[in-house]
Each structure stands twice: as C-alpha cells, then as structure tokens.
Amino acid sequence: MAIEVKLDLLLVQRKMSLTELSERVGITLSNLSILKTNKARAIRFSTLAALCRELDCQPGDLLEHRSTEDRF
Amino acid sequence: MAVRRWSSTRAVKVWLDVVLMLGGLATLVLLVWAMAAPIVMSLEEPIPADLSVAVAIGPHSALPRMPLQFEEIGDAGGARFHRPRLVWGYGELRTETFSWRLHFVGLGFHLIALLATLWAIWNLRQVVKTALAGEPFAPANSHRLRRIGFIILTVTLVAPLIEYQLGRYLLEQLSIEGLTLSPALRFSKDWLLGGLLFLVLASIFRHGTGLEEERALTV
C-alpha cells in the first residue's frame, strides 16, 4: 500500500495503548488493529477526525505517502 | 433453549440435505448393484438387467420427424389435410440385456452423472450454509457457484453425447418392424441456461465479495 499509517509511532509518542485509543475514539480494537497493521483499504473522515482529536495531531502526522521504490 | 427461526433459506438447506441423503443412498444402491451385476447376470439361470436409452422417433437424431400414413375420414368444414408428420418425437427405449458389460456402461454413465449432480448440490448447500451464517459473500462462494455452473454445463453437454453413442450401438443390434428409431441427440436448453446463470451469478458474487472485503477493511 502506498499510504502508510503511522499509528504505532503516534501511540508510542503519546504513551497510549491501542485499547485506550479504542475506548476514547469509539472504534473497535480489531478495526484499529487493521489500521495499525496497514491492512485498511479506506478510512472514513469521521474516523480520521476522531483519531486526530484524541492523538492531538494532523492527518498528515498519521498518514504518509510512500512510493513503491522506497521499499527497496 | 435457543429457538431456530425458520426462513426460506433454512428450508432450502433442509431440502438440499434431504436430496443429498437420498442421492447418497441411490449412489450406494447403484454401486452395490454394479458390483453384484456380473455375478447375478452370469448365474445358471441369469436375471436380465434393464437398459434404457433415449431415442428419437424418425430418421433424424436432432430434429426427428416421421411421415405418417393416414386416411382422410371426413371433410372438417371444408378444411383439407395432407402430409401429416410426427415431429419432435422422443421416447425412451427400454430393453433387457444379459450382457453385464453393456449394462455396466449404462449404469456407469448414470452413476457418474449422479455423482456430479450430488457434487453440485453439495456446493450449493455450502453456499446456502454461508448465507444462513450471514456471510453470503464469502470468497469461496464465487468459486462454488462457478463450479456448480461448470458441472451443470458439463453434464448437460456430455451426457447426451454418451447416450447418443449408447443408443447408436443399441439400435444397431435391434431391428424394429414398422418404426424408424434413431439415437436421440437432445440438449436440454433449460439446463444449459441454468448452468450459464450459475456462471453469471458466480461473477456477481465475485464482485460482491470484493465490495464486502472493501467494506470490512474500511475503518
């Protein structure tokens, strides 16, 4: 996937667990896990807004575009 | 105690279970008979076995038509009739044979067709089962539906060809007075359409599975 979710990095920086974020955002742990492991195909604006609110960040801090060449 | 809610899907599953059970039983009976036939038919007083094939009435296999001899018995209000022909006449020629090899060909043909049909029904049952579990767009279902379509098409196209060959052989051995019979070559339009519909349904399910996956992976 060209878009990478940097949720794990933000969680470490904010010293927050995935379970805590799940409770605060109101998204199931399995859905957050899909997001964290970069398996998600799409993200709703409402989800993005809730994550940005709880992690106190901008969408750009959460998502990063990587060209396929970067992987090699 | 949990009460199972009855729905049309559940009724279809129960019906498929019954069909599978009866089909399995019929297969078992045919297998036992296939094994016993050589012994039974080679006894000192052998018992003949049935052999039946589809035949066309008339000199043509695919489009049978037969001219009929007739006498005009009256003037039906000035209408005159001439050249009556029996068209699309098909029937089943049943004979008895003491040749277990010949009987085995007919039996084997029916057994293979029965097993293929049961396989298709089993696949359909699995599709219905996933629908009952609330996951009709499981990735395996499009494969199952495609498999059912190909089984139906194969049986519908191959079975008449085998029956034609069997009929040809049988009619070569028999001479029937006053009646022209040909081995029937008839493909069921309904089953062909059914097989094609299953293939269309499989491609719709493949698309549905993709959409379902997309939905499941949208956070």
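Over all chains of this predicted model, the count comes to eleven salt bridges, where a salt bridge is a side-chain nitrogen of Lys or Arg within 4 Å of a carboxyl oxygen of Asp or Glu. One such pair joins two chains, because R41(A) lies in the loop between α3 (29–36) and α4 (45–55) of chain A, while E214(B) lies in helix α4 (residues 189–216) of chain B; helices here are DSSP runs (H or I, at least four residues) numbered from the N terminus. The closest N and O atoms of R41(A) and E214(B) are 3.0 Å apart.

Local features need pLDDT of at least 70 and side-chain atom pairs count only at pLDDT 80 or more, whereas totals for chains, interfaces and linings use all residues. Residues are numbered from 1 along each chain as its sequence is written, chains are lettered from A in the order in which they are written, and side-chain values use heavy atoms, with hydrogens and water left out.

The interface of chain B and chain A can be described as follows.

| Item | Value |
|---|---|
| Residues in contact (heavy atoms within 4.5 Å) | six residues from chain B, eleven residues from chain A |
| Salt bridges between chain B and chain A | two salt bridges |
| Area buried between chain B and chain A | about 810 Å² |

Buried area is the accessible area (1.4 Å probe) that two parts lose on being put together, summed over both, and carbon and sulfur atoms give 54% of the area buried between chain B and chain A. Of the area that chain B buries against chain A, L217(B), T218(B) and V219(B) supply 78%, more than any other three residues.
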